[in-house]
Structure formats: structure tokens, C-alpha cells
Amino acid sequence: QAATTYEAENATVSQGVVESNHAGYSGTGFVNYDNTTGSYVEFAVDAATAGPATLTLRYANGTTVNRPMTIAVNGTATTRDFPGTGAWTTWQEATLTTTLNAGTNTVRATATTANGGPNLDRLVLGTPSSAGTPV
Ligand code: GCU
């Protein structure tokens, strides 16, 4: 199955803003999470069939402090680390495997610390064409 890209700037954002001041993002920008616990970006991810799936979040964290987030798939959350990437213009990918339902799934990435989340560029369903390269 071809990878499908969901840009963060097109997702549902709670306590965050779409910005484009740090180069290297795909689409038209990225989401800058407010620096607060509970800020989130929620994607509506369509799956043709139920079953295992790979989700890849592309992010930048220009600080040296981890910005963990819960990744809730249809309400079931796991926690992931989003450590510093070296610069706000240095984007890296975090991949997780999950199980999706056929049809629309919600994938919500929520900051768990007062620093908020990292800057979030996109979510890719399926295998990206190459790590770190916009698809
Ligand atoms: C800086 C940076 C933002 C980032 C923010 C943060 O202001 O320019 O893109 O989101 O730090 O610490 O979250």
C-alpha cells in the first residue's frame, strides 16, 4: 500500500498554532504546540482495511529536553519520546506500529509535559519513501 501523508497543518489542533518559520517541513507548515501539558494535534486517518499499520510522525525539537507525547489511536494511548533533534530546522521521524480499524481512525498526539510537544510536521500512514524526506 502506498504511503499516505497527513499534514499537521491540516489536522485538528488544540492549543497550538500553524507556523512556517523553520525550514524543512513538508506541505505548507507545521504545528507549534503551545508550551503546556495537554496541547494536541489530532489526525483523521483512513484505512482501507482493519489491521496492523505503521505511523510515522515527523517532528523537530530544537531544545535539548525530551518532549514526550501520548499517541492515542482511537483513544488507546501509548507514550513516545521526542528528544531534541539539534535544531528547529532539523526534522526527524518517529515510527510506531499500531492496529487500525477499517475506515476513519483518530490519532491524537498530546503533550505530556509543560514544555508542550515538539514542532510537528506530519503523520505518514504506511512506509515513507525515505526517512527524513518529504513524501
Ligand atoms: C521556539 C521555536 C518554536 C518552538 C518553541 C518551543 O519559539 O521558534 O518553533 O515551538 O520554541 O519551545 O516550543
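Two strands pair if DSSP finds at least two bridges between them. The model examined here is predicted.

Strand β5 covers residues 40-47 and pairs with strand β2, residues 12-14. The two strands are antiparallel, and 3 bridges link them. Within this pairing, V13 has V41 of β5 as its bridge partner. Strand β5 is also joined to strand β10, residues 103-111. This pairing is antiparallel as well and holds 8 bridges. Here A47 lies opposite G103 of β10.

A loop runs between β8 (76-80) and β9 (92-100), and T89 lies in it. T89 has 14 other C-beta atoms within 10 Å. A residue counts as exposed at 12 or fewer such atoms and as buried at 20 or more. T89 falls in between and is therefore partly exposed. Leaving aside residues up to four places away in sequence, T89 touches H22, A23, G24 and A60. N61 is 28 residues from T89 along the chain. The C-alpha atoms of T89 and N61 are 8.6 Å apart.

H22, N32, N35, W88, G116 and N119 surround it. Of the residues in this shell, 5 are polar and 1 is nonpolar. The shell contains no charged residues. H22 is one of the residues around the ligand, and H22 is also among the contacts of T89.

Methods. Residues are numbered from 1 along each chain as its sequence is written. This is a predicted model: local features need pLDDT of at least 70, side-chain atom pairs count only at pLDDT 80 or more; totals for chains, interfaces and linings use all residues. Helices (H or I, at least four residues) and strands (E, at least two) are DSSP runs, numbered from the N terminus. Two residues are in contact if their C-beta atoms, placed from the backbone, lie within 7 Å. A residue is near a molecule or strand if its C-beta atom, placed from the backbone, lies within 6 Å of it. Ala, Val, Leu, Ile, Met, Phe, Trp, Tyr, Cys and Pro count as nonpolar, Asp, Glu, Lys and Arg as charged, and the others, Gly among them, as polar.
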